[in-house]
Amino acid sequence: MGRETVLSGRYELVEKLGQGGMGTVHRGVDRQLRRTVAVKLLSSQLAHDPQSRARFRREAHAAAALNHPAVATVHDVGEEPHPDGPRPYLVMEYVQGTTLAEVLRDGPLSVAEAIDTACAVLDALGHSHERGIVHRDVKPSNIMLTGPGTVKVLDFGIAKAFTEAATRITGSGAAIGTPAYLSPEQISGAEIDHRADLYAMGCLLHELLTGQTPFRGDSPFAVMHQHLYAEPEPVSRLRPQIPPAVDAVLLRALRKDPAERFTDAGQMRAALADALTQSSVPTARATMPPPEPQGTPSGGRTALRDKFRLSLRPSADSALALLGCLLSVLCARGHLVDTAHFGQVALAAAALGVLTLPWSARLSCAVGWGPVAEAVAVNSPLRRAEFGWHHAYVAIFALLALTALWCLVSAVRSRQSGAGSLVAFWFSATASIWYFLDDLRKLFVFYLLLPLVALATVSRETVAVARRRTRDRRAAGEEPASGVTPPGRRLTATSTRSFRA
């Protein structure tokens, strides 16, 4: 290796382990402390600018202050004289293990193992974020698996030094990193904070679950364009056994606007842990307590409490459902439909909507918004009494009836939401009914339609729960009994390789 065999008269470079965009990694020996270390010689991009080298030293010193089992420890930072300019280098602990990039060559992990690994990485990121250090280059090659459920996250602080060096040298805020894991704000050159790491974690978890990143293209520019403007495909479409709760976590982590993502790594980790708990996906992570037996009263209360806590989290659908229930109460108290029974039906629908909201916002909308739409239709001039049977108006309300049918089918078939479709159904359906059946006695048609829609929604939700439990059972049994190792194999410390770039 020539003049680079020994750095600063102390670190002997024994073996080149890998090379990446930020430099080369060597297995070395610290002659003073007589221990094996990993030495990263940084790219010449930092070698020609004294301010960039000083900034790199500050970032490396900050990263050296991190003290967490999942963070590769930084031992030293220095510069080696070179004809082309001083070469910065970083001395880190030597980690025996396998990078996630190498593991993913054999296919995706199991659902439980992928989430378990992501939670371990989020622990490390949470520790660094609390100390003001943003990684900026979270990707599979920067994460080492050192055993079942244990990881080491590498290269803290280096990506920031490279980004600032590129800005100073080129005069642009060019994005430094791997395009497949860059957040939109990194690509656009906006201000970066810890939420950029959470976006990269969403990309990483997507790859752990499916074997591919959320955005792919023929060129880095095509991939970065998708990060800015395209919406990711739900992972459950690529791998049906993935629970919907995991889908929701990923979609939130991959929001374009940082304000719409998780507020910190701890919140994202808690959401993933909840997804495991709610979906009954098995995990070998020792830090997660085993569930209590379902037959015990305390276990039943805990499961019920967890279920309601998850359902009552603020969301657009739950807010829409509550608004419908409130409007139903106001319609009843305002006597907008002057019949003997409508006020009672509206109050009952509002109460039922509130009671069913913890279980299903979709069902709450189906019940709560019905009386509201009916009150609007009864008091609307868009009725046959106003227009008669003129063919133009018949066509309008026939199309409204078709719209109502389409909205109902869309609400039933929707996998993620459907509450908005149910609201649209009620307003288009009641308007159509009151054109064709403009008779107050036909109000009972609405009374019949209300429980039918509610029953249809209950049936749909029940089927969804049954399918989810079936997927969970399949996920729990995806390890075959034979000796063949599936894509979601159990990782062991014996299948390890040397530290990679």
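Analyst: Happy to! Searching the whole structure, which is a predicted model, turns up six aromatic pairs. One of them joins Y11 and Y89 in an edge-to-face arrangement, with 6.1 Å from centre to centre and 65° between the planes. Y11 belongs to strand β2 (residues 11–20) and Y89 to strand β6 (residues 87–93), so this pair ties together parts that lie 78 residues apart in sequence.

Now for the helices. Helix α14 (residues 361–378) packs against helix α17 (residues 419–436) at an angle of about 30°, and their axes are 8 Å apart. Angles under 35 degrees count as roughly parallel, so α14 is roughly parallel to α17. Their crossing is right-handed. On the α14 side, the residues in contact include R362, C365, W369 and E374; on the α17 side, L422, W426, F427 and W434 are among them. Sorted by class, this contact has 15 nonpolar, two polar and two charged residues.

A friendly word on confidence before you zoom in elsewhere. The protein chain has a mean pLDDT of 77, with 75% of its residues at 70 or more. Where pLDDT is low, the predicted coordinates should not be read in detail.

Technical notes:
Residues numbered from 1 in each chain as written. Predicted model: local features only at pLDDT ≥ 70, side-chain atom pairs only at ≥ 80, totals over all residues. Heavy atoms only, no water. Axes fitted to C-alpha atoms, helices over the stretch in contact; angles between N-to-C directions. Helix = DSSP H or I, 4+ residues; strand = E, 2+ residues; numbered from the N terminus. Parallel < 35°, antiparallel > 145°, perpendicular 65-115°, else oblique. Left-handed = near helix turned anticlockwise from the far one by under 90°. Contact = heavy atoms within 4.5 Å. Nonpolar A, V, L, I, M, F, W, Y, C, P; charged D, E, K, R; others polar. pLDDT = per-residue confidence, 0-100. Phe/Tyr/Trp six-rings, centres within 6.5 Å; stacked < 30°, edge-to-face > 60°.
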